[in-house]
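Subject: Structure handover

Hello,

Here is the structure for your files. My notes follow below it.

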Amino acid sequence: MIVLITGATAGFGKATAQLFASKGFDLIITGRRTQRLNDLKKEIESMHKVNVIALDFDIRNFSQVERAINELPDSFKKIELLVNNAGLAVGMSSIHDGLIDDWERMVDTNVKGLLYMTRIVSPLMIQQKRGHIINVGSIAGKEVYPNGNVYCATKFAVDALNRGMRMDLVQHGIKVSSINPGMAETEFSVVRFKGDEERAKNVYKGLQPLTAEDIAETIYWMYSRPAHVNINELVIMPTRQASSTVSVRE
Ligand code: NDP
Ligand code: 8X3
């Protein structure tokens with residue numbers, strides 16, 4: 001059975017790839033950082049009896065997405081699970097002084113990239129009359145917070161697409177789910193703050209954030225429910241976080 005995970009070079013995607021490999025699934029892993037993808041493929045194939053195809057492309061570019069998936073060997077087109085995970089926040093500015101380039105990167109990756117993947121992979125699932133798409137949303141797609149403006153808007157869009165996809169694909173036997181995490185320590189904040197490691201660390205100071213492994217385990221649990229059960233959406237937070245704006249720190 002084939003599992004396709006976007007954004008597998010770091011964070012949630014990498015941990016999810018490792019977990020599904022340990023359960024015996026063949027994988028398609030994607031991202032832009034070729035070396036990391038190849039290292040992960042090598043690591044997984046040396047530890048588990050599974051096959052991994054690593055595809056390096058920019059999810060913002062529809063032709064690259066289309067070519068990468070169309071060129072897969074036929075056996076790897078039988079995709080059982082698509083984890084639409086690749087995404088990012090860039091910057092954290094008030095709406096009146098946000099950078100247009102930051103906004104475009106977020107909209108193009110989190111919304112358009114997720115759409116491109118879904119547009120190419122869902123017809124393959126329709127042919128099989130089965131499949132599961134798990135969209136990685138965020139607490140930012142459930143509540144807006146100050147200076148979250150555009151990132152939140154992209155994750156609200158993921159929330160809407162998650163619902164819309166489910167309506168369109170239910171007739172084809174395809175499950176559609178979303179996982180919406182709160183604070184999780186990955187490379188997310190380093191990317192958001194453009195390499196400022198100190199500022200990124202402060203985001204999690206004084207509380208125990210979620211880990212990438214927590215998210216991977218939850219994605220596996222969502223996927224592994226019986227055939228007649230679908231988890232439509234799930235919100236997962238650190239115990240000490242109650243909402244986007246309320247958390248308790250030591
Ligand atoms: P990381 O920064 O650790 O990983 C992000 C992944 O997305 C990387 O593998 C990166 O690969 C990939 N990616 C980013 N842009 C592109 C692109 N243009 N084309 C292809 N791949 C891309 O972050 P997380 O693991 O934390 O984030 C994963 C998802 O979870 C995101 O959608 C994020 O919004 C969401 N999320 C994160 C939370 C958190 O607190 N960490 C909480 C809630 C949701 P590469 O750079 O190699 O292309
Ligand atoms: C990431 C979680 O709260 O930084 O989606 O937006 S948050």
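Two strands count as paired if DSSP finds at least two bridges between them. Helices (H or I, at least four residues) and strands (E, at least two) are DSSP runs, numbered from the N terminus. On those terms, P181 stands opposite I236 in β7.

A word on conventions. This is a predicted model: local features need pLDDT of at least 70, side-chain atom pairs count only at pLDDT 80 or more, and totals for chains, interfaces and linings use all residues. Residues are numbered from 1 along each chain as its sequence is written, chains are lettered from A and ligands numbered from 1 in the order in which they are written, and side-chain values use heavy atoms, with hydrogens and water left out.

The sheet

Seven strands make an open, parallel sheet, ordered β3-β2-β1-β4-β5-β6-β7. At its edges are β3 (52-56) and β7 (233-236), each pairing on one side only. Neighbouring strands are turned by 15 degrees against each other on average, direction ignored. (Axes are lines fitted to C-alpha atoms, for helices over the stretch in contact; angles run from 0 to 180 degrees between N-to-C directions.) Strand β6 (residues 174-181) runs parallel to β7, joined to β7 by four bridges. Helix α8 (residues 212-223) packs on the sheet and touches β4 (79-84), β5 (131-136), β6 and β7. Contact here means heavy atoms within 4.5 Å. The direction of α8 makes about 155 degrees with that of β6.

The cores

A nonpolar core is a set of buried Ala, Val, Leu, Ile, Met, Phe, Trp, Tyr and Cys residues joined through side-chain atoms within 4.5 Å. Buried means under 20% relative accessible area, exposed over 50%, partly exposed in between (1.4 Å probe, protein chains only).

The largest core has 33 residues. F20, L27, I29, I44 and I179 touch the most other members. β1 (2-5), α1 (11-22), β2 (26-31), α2 (34-47), β4, β5, α8 and β7 each supply at least two residues. Beyond four places in sequence, the contacts of I179 include I134, V136, I215, I219, M222, L234 and I236. A second, separate core holds 26 residues, among them L4, L55, L169 and I174.

Pocket and cavity

Both come from a 1 Å grid over the protein atoms alone. A cavity is a set of points where a 1.4 Å probe fits but cannot get out; a pocket is an open set with protein on both sides within 12 Å along at least five of seven lines; lining residues have an atom within 4 Å of a point. Grid points are joined across faces, edges and corners, and a volume is the space filled by probe spheres set on the points.

The largest pocket holds about 1,200 Å³ of space. Its lining counts 50 residues, with G87, L88, Y151, T186 and F188 nearest the centre. α6 gives the most to this lining, with four residues.

There is one cavity of 30 Å³ or more. The largest cavity has a volume of about 70 Å³. It is lined by 15 residues; V90, G91, S93, M106 and N149 lie nearest its centre.

Two single residues

H172 sits in the loop between α5 and β6. H172 counts as partly exposed because its relative accessibility is 27%. Beyond four places in sequence, H172 is in contact with I126, K129 and R130.

V248 lies in the segment after β7. V248 is also partly exposed, at 43% relative accessibility. Outside four places in sequence, V248 touches G206, L207 and R240.

Best wishes
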